[in-house]
Amino acid sequence: MGERLCVRLHLAPHRRQWTEALNEQLVSIPVLDTVDAVPWPGMRSAIQWLEGNFSEVLLPAFKEARAHRRFTEHGEGLHLTGMWETAHISHQKCQAQLYPSFCKLLQAIRKALPVRRGITQARFARMHPGTRVAEHTASTNQRIKIHCGVENPSNVTMFIADSSITWREGKCYYVDDSYAHHILSGPKDLPRTILELKVVHPDLAWADFLDEETGELIQNPFRRRARAEL
């Protein structure tokens, strides 16, 4: 009832988009699993480059992180059961000494994106058997994610808005996690690992930026070019 009321009162454009800071100037699409459907050229290039470098860059980086035990438990407290853990490649700064090929790829992707400082984080996220991630949303729609399947032998699925993703090895997806989503891994499922990139929303190349604390439109720190130039 609460969801329907929010939509009816125009407090949310979609009954599953509960995010606290909603910038209505930005295109909102819960998930896209086909590169050609992604409306931003820079995002399409990013997904294509990640998929094209899966065997030579992404998979070796995951094996490196796993072999050196760089995974730590997810710190946001969203998993109600089981174990959900992450290994960071880039957070503020890419760890080039640990992942030189991956950091070189991220640098190329950043140049292709339409916004300044477009990638804010890159990490592997690994879910172990019997893990339940509570339904939640991101705090804002001003950044989106790219998910790339690394391993998912048991076909663990994420349900988001009215859609779902069953990650496939070497396949990347556009995800807007300002929509409600949750994941459940069964007790007999094998571990599921994805690469997750947090990316500044491409429309912030032209749109106003919403202060996530005050709700006011302010000078956009990410704008690099006018909309007509995209």
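Guide: Buried means under 20% relative accessible area, exposed over 50%, and partly exposed in between, with a 1.4 Å probe and protein chains only. This is a predicted model: local features need pLDDT of at least 70, side-chain atom pairs count only at pLDDT 80 or more, and totals for chains, interfaces and linings use all residues. Residues are numbered from 1 along each chain as its sequence is written, and side-chain values use heavy atoms, with hydrogens and water left out.

Visitor: Is Leu113 buried or exposed, and at what relative accessibility?
Guide: Leu113 sits in the loop between helix H4 (100-112) and strand S6 (119-127). Helices (H or I, at least four residues) and strands (E, at least two) are DSSP runs, numbered from the N terminus. Leu113 counts as buried because its relative accessibility is 1%.

Visitor: How many helices and strands does the protein chain have, and what is its radius of gyration?
Guide: The protein chain has four helices and 15 strands. For 230 residues the globule rule gives 17 Å, and the chain comes close to that, so it is as compact as a globular protein of that length. The radius is taken over C-alpha atoms, and the rule is 2.2 Å times the number of residues to the power 0.38. The radius of gyration is 17 Å.

Visitor: What share of contacts joins residues at least 24 apart?
Guide: Contact means heavy atoms within 4.5 Å. The count takes contacts in the protein chain between residues at least 6 apart in sequence. Of these, the share joining residues at least 24 apart is 74%.

Visitor: Which span does UniProt list for the hydroxylase domain, and what is its strand content?
Guide: The unreviewed UniProt entry lists "domain: Aspartyl/asparaginy/proline hydroxylase" at residues 84-202. UniProt positions follow the numbering used here, feature names are shortened, and annotations may be inferred rather than shown by experiment. The end C-alpha atoms of that span lie 29 Å apart.

Visitor: Where does Val156 lie, and which residues does it contact?
Guide: Val156 lies in the loop between S8 and S9. Val156 is buried, because its relative accessible area is 2%. Asp189 is 33 residues away along the chain, with the two C-alpha atoms separated by 7.6 Å. Leaving aside neighbours within four places in sequence, Val156 is in contact with Met127, Ile165, Thr166, Trp167, Ile183, Leu184, Ser185, Asp189 and Arg192.

Visitor: Which residues does Val38 touch?
Guide: Val38 is in the loop between strand S1 (31-32) and helix H2 (41-52). Val38 counts as buried, because its relative accessibility is 1%. Not counting residues up to four places away in sequence, Val38 touches Leu32, Met43, Arg44, Ile47 and Tyr174.

Visitor: What is the phi of Gln92?
Guide: Most residues other than glycine have a negative phi. Gln92 lies in the loop between strand S4 (84-91) and strand S5 (93-94). Gln92 counts as exposed, because its relative accessibility is 78%. Its phi is positive, although Gln92 is not a glycine, at about 75°.

Visitor: What is the phi of Asn155?
Guide: Asn155 is found in the loop between strand S8 (143-151) and strand S9 (157-160). Asn155 is a residue other than glycine with a positive phi, near 55°.
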